[in-house]
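Here is a brief report on selected local features. Please keep the sequence and model at hand.

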Amino acid sequence: MATVRSAETERTTERDRESAVQPVEKERWLGAQPIGLLFITPYVLFLAAIFVYPLIVQFFISFKDYFFAAPGATVDRPWVGFQNYVDVIQDPTFQRSLFNVFEFMIINVPATVFLSLVLAYALNSKMRGLSFFRGAYYAPYVTASVAIVTVWLFMFGETGLVNTVLGSLAPDPSWLINRYWAMPMIAVFVTWKQLGFFILLYLAALQNVPKERYEAADVDGASTVQKFWSVTVPGVRPATTLVIILATITGMNLFTEPYLLTNGGGPNGASVTPVFYMYQKGVEQGQAGYAAAIGMILLVITLGIALVQRRVLERD
Amino acid sequence: MRRRLISVVAAAAGSVLLGGCISDGGGPPESANTSRGAIEVWLSTNPEEVAWGEEVVASWNSKHPSEKVTAQQIPAGKTSEEVIYASIVAGNAPCVVMNTAPSAVPQFQKAGGLVPLDNFPDGNSYVEGRTGTAVADQYKSPDGRFYQIPWKVNPVMIFYNKKLFAQAGLDPVNPPLKTWAEFLQTSRTLVQKKVAHAAIWPAPSSEFFQSWFDFYPLFGARTQQQLVEDGKATFDTPDGVAVGQFWRTMYAEKLAPQEKYNGDSFKDGEAAMAIVGPWAISVYKDAIEWGAVPIPTEDGKPANQVYTFSDEKSLAIYFACEHRLTAWDFVKFATAQDSDGRLLELTGQMPMRENLPGVYAGYFAKNPAYTQFADQAGRIVEVPNVPNSTEIWQTFRNAWTAAVVFDNEPIDKEFADAAARANELLAKG
């Protein structure tokens, strides 16, 4: 009996397998919802044209002594293998730029996470003047960097407002031309400017923290600080991962602020960033192959950091 | 199998696209060198030069209706050189740019963006005849060919504010600015008397070209040498270091600020002196009662022996031009004696023409303020026309800001390191 049932079961399974072949094949090629492919095609094409294709070109030219030339001009751009990469890694200015950007991130990333979470938490509560504060924190983010930089130059210049207030306590040389202060000042500036965006991310994330958890914490007699650490912080963890990764990418791509605030990586290279250096090499000095190698190295470092952050932050 | 096929097709398509992107296809036809027709020229954005350019273009068009010239200002960008380079790469550069910086010529030449003048039968002889062989030689490329037509100079001198000098008790007619010692003492007086925030305020920032307005005029005045000569850096010498020490004193005593001024410090009265060329006369004439003296030298050389940085701009014919004969004829038209005279009248800038004071004696008699600049135009030091020129200037500038502006490193060590790197770049070619 058992044998008969077993044979029947086998036949049934075989039939199921046969009938299942066709859908599985379809799923492999077009997915469960083929119409979805149609919807994402425009963005995929956009991504391929704007990001993937230039990235492939960049990868290719990073192995050549490449420079941009006039169409139709006969120029020699020999293949140099890994030479550009070797030169970039040994380049003291590039090493300095990496150090500078890590210094920036050490200040900017924790400050961004902490301040945006705390402020979002505050702005999520019922308080007077809520709309004003939400607008106030968001205003720097939507204001052009050039306009804000002018204000900061006025405030932190040698004869600016801050130094006037500080008097003899002001640093000499002044903030933005002081090799110890230039990068921290840029980090503070970027933190302040970007804060509105990250607050917005946290505000959205806070809506997803179940109220029951706060009620349970209330029942357990938790204080406001305890609720913040034990309920809010774990509750917005996915948003924190996103904020950290975005802040890191912003840091690695830092260009505008040192370009405008410290006049091209000054003082004495203290605020040169890898992207600024890439601009100097590729655009000003016409060494596109070298600049491409900087870009590829930067990409690998950024992806590496983001991967580590994701692994660490998303670990249960 | 199908997936593999798709992968192969995608890879092939990618390779074709990639090859297409970075291949050197296109370009003007072979006949461009001997062709005539309508051309486009770019002018500087300076209002006086635009007025001059439009006048010259109108005059040309009235005489050459079948070879019409269209003029426009150089499109906006961080620097004109970046915009021009981008247009070279894009293949849409105009036929002539009437504001080509000599420091950018090596890069444009390397990119295949410039037409050598010996493509035209009278190319070399015209340049040498107009400018003089000795001066013109500074504008030859290392391959011995001209890729630029030296056009006009703005030899830099020390401008000073007579009113502020008088307030500080200094002689506003013959100010003590001849020797380095006098210059330093005058600067101290100006700052101590608080007539201005700074004695002089050259941009202390890191852009590669800023050295043309602090180090280079004094170095040229002292040595008559370019930054590199005969394949070697020249600034790693007692002369170069001495100029560095002079400016270090200026920064250390806060006679020159370490922070860049956002604006025109001289015009705003924040600095009592400035290092500028004759273009500034029309800018300052209504704002400041100014005077000008030659660049100071350590030993106080007579004015007629003092050299300075040229701040020259050239004309060049660009590779994308399809009617190069018209371009060449237009260049000669725009640099003819009459056109040069109008340039002088409208802009105050000195055409690169031999015996300038004699050729335009009438103009200088009417405008004595310009006479000393015309005289100075005969004693100029140009930026070197060498490969990797921009990187060499950037290397020097980095050393300058580290050692001279911020005193983070000894000057001789920084200059030696920068010279070693410059020599490497020169050897690399």
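The sections below cover a surface patch and some backbone features.

## Basis

This is a predicted model, where local features need pLDDT of at least 70, side-chain atom pairs count only at pLDDT 80 or more, and totals for chains, interfaces and linings use all residues. Residues are numbered from 1 along each chain as its sequence is written, chains are lettered from A and ligands numbered from 1 in the order written, and side-chain values use heavy atoms, without hydrogens and water.

## Nonpolar patch on chain A

A:Leu30, A:Ile35, A:Leu37, A:Leu38, A:Phe39, A:Ile40 and A:Val44 make up a nonpolar surface patch. Together they have about 690 Å² of accessible area (Shrake-Rupley, 1.4 Å probe; for residues, only the protein chains shown count as cover). Patch residues have over 30% relative accessible area and no salt bridge, and nonpolar side chains (Val, Leu, Ile, Met, Phe, Trp, Tyr) are joined within 5 Å, like charges within 9 Å. A salt bridge puts a side-chain nitrogen of Lys or Arg within 4 Å of a carboxyl oxygen of Asp or Glu.

Helix H2 (residues 34-61) of chain A gives the most, six residues. Helices (H or I, at least four residues) and strands (E, at least two) are DSSP runs, numbered from the N terminus. A:Leu38 sits in helix H2 of chain A. A:Leu38 is exposed because its relative accessibility is 56% (exposed is over 50%, buried under 20%, partly exposed in between; 1.4 Å probe, protein chains only).

## Backbone features

A:Asp172 and A:Pro173 are joined by a cis peptide bond, with omega about 0 degrees. A:Pro173 lies in the loop between helix H7 (161-166) and helix H8 (182-206) of chain A.

B:Lys194 is a non-glycine residue with positive phi, near 55 degrees. Its loop runs between helix H8 (180-192) and strand E6 (198-200) of chain B. B:Lys194 is exposed, at 70% relative accessible area.
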